[in-house]
Amino acid sequence: VQTRPPNKKVLRWASQPMSTEEGEIGLVKLEDYYSFISDADGRVAERFFDSNVRGYWPHSHINQGIAETLKSVGGPEFWLLNNGITILAEKSNTTSGFLELEIHDPQVVNGLQTSRQVYAHFAAGAEPKDDPRRLMVRVIKISDKSTRDAIIKCTNSQNEMPAEALRTTDAIHRQLEGAFHTKALYYDRRKGYYREKGKPVNSIVGVIEVAQAMIAIVLQRPDDARARPKGYLVDDEKYGSVFGKKSSGADRYSLTLYIKVVEVTRKIEGF
């Protein structure tokens with residue numbers, strides 16, 4: 001169910017990109033990037049951000065700064081003020097169109113905040129054709145999972161990130177997100193994602209909340225659950241004791257168990 005359907009999207013370069021064995025690096029006009037991250041119905045293509053460790057934080061001071069920069073059309077070139085976008089792809093091919101790159105299953109692993117601000121800017125009514133500014137984009141062709149995970153981790157480690165955020169691209173967390181949906185609960189594997197969607201706060205289940213419930217009830221370590229839950233997200237051995245060492249197999253708990261322990265701890269807290 002969670003396998004993404006085969007998907008291709010064409011990215012148009014503003015000028016000839018630099019091509020390497022690993023991929024391409026170049027500049028893309030803001031309007032062309034807006035088109036790239038938009039679905040056919042004009043909504044943001046959420047599937048492109050499935051492997052991103054961050055949720056969208058629209059009210060952060062950094063995002064507010066990006067929004068102000070986008071409004072200043074006559075200001076400095078946008079790509080000079082921005083770190084740019086990193087896209088991972090299974091493969092990519094140059095199309096017959098001039099300066100066009102067909103990307104298979106694109107995943108924006110760095111630059112979600114910039115992407116969402118660009119989308120919001122044009123979706124709010126800004127006229128794309130009046131904006132000549134460009135954005136720096138890296139397209140990396142990668143199929144090896146360990147290298148892919150290393151790229152995600154390293155490109156999201158320049159600024160401080162919660163320990164749980166760098167774990168939540170693991171398959172177990174996507175599966176838990178789907179499992180909690182069956183109980184009308186929202187597993188916040190990307191911090192801030194469901195709050196931005198307007199979901200009730202009491203329906204949002206945090207990664208730390210799940211970890212604490214599992215540590216206290218299943219592992220029988222309430223002291224660790226209370227005082228040191230993040231240690232179970234940093235240390236590989238401890239992490240495996242809560243979320244399993246593999247995506248499936250004997251060392252994995254039932255997804256139902258994670259839901260039950262959260263229900264128990266919430267009932268206790270309510271009492």
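In this predicted model, 5 strands form an open sheet in the order β2-β3-β8-β4-β7, with mixed pairing. Strands (E, at least two residues) and helices (H or I, at least four) are DSSP runs, numbered from the N terminus. Two strands pair if DSSP finds at least two bridges between them. Strands of a sheet pair through backbone hydrogen bonds, either parallel or antiparallel.

**The sheet**
- β2 (18-19) and β7 (107-110) stand at the edges; each has a single partner strand, so one side of each is left without a neighbour in the sheet.
- β4 and β8 run parallel and are joined by 5 bridges.
- Ile85 stands opposite Val137 in β8.
- Helix α3 packs on the sheet, where it touches β4, β7 and β8. The direction of α3 makes about 120 degrees with that of β7.

**The nonpolar cores**
- A nonpolar core is a set of buried Ala, Val, Leu, Ile, Met, Phe, Trp, Tyr and Cys residues joined through side-chain atoms within 4.5 Å.
- Buried means under 20% relative accessible area, exposed over 50%, and partly exposed in between (1.4 Å probe, protein chains only).
- The largest nonpolar core has 30 residues, and Leu11, Trp13, Tyr33, Phe36, Val137 and Val139 have the most contacts inside it.
- Elements giving two or more residues to this core include α1 (30-36), β4 (85-89) and β8 (134-141).
- A second, separate core of 24 residues includes Ala179, Val205, Ile208 and Tyr239.

**A residue in strand β5**
- Ser92 lies in strand β5 (residues 91-94) and is buried, with a relative accessible area of 9%.
- Not counting residues up to four places away in sequence, Ser92 touches Glu24, Leu101, Glu102, Ile103, His104 and Lys141; contact means heavy atoms within 4.5 Å.

**Two packed helices**
- Helix α7 (residues 207-218) and helix α11 (residues 255-270) pack at an angle of about 90 degrees, with their axes 9 Å apart.
- Axes are lines fitted to C-alpha atoms, for helices over the stretch in contact, and angles run from 0 to 180 degrees between N-to-C directions.
- α7 is therefore roughly perpendicular to α11, a term for angles of 65 to 115 degrees.

**Basis of the values**
- Residues are numbered from 1 along each chain as its sequence is written, and side-chain values use heavy atoms, with hydrogens and water left out.
- Local features need pLDDT of at least 70, side-chain atom pairs count only at pLDDT 80 or more, and totals for chains, interfaces and linings use all residues.

Technical notes
Angles under 35 degrees count as roughly parallel, over 145 as roughly antiparallel, 65 to 115 as roughly perpendicular and the rest as oblique.
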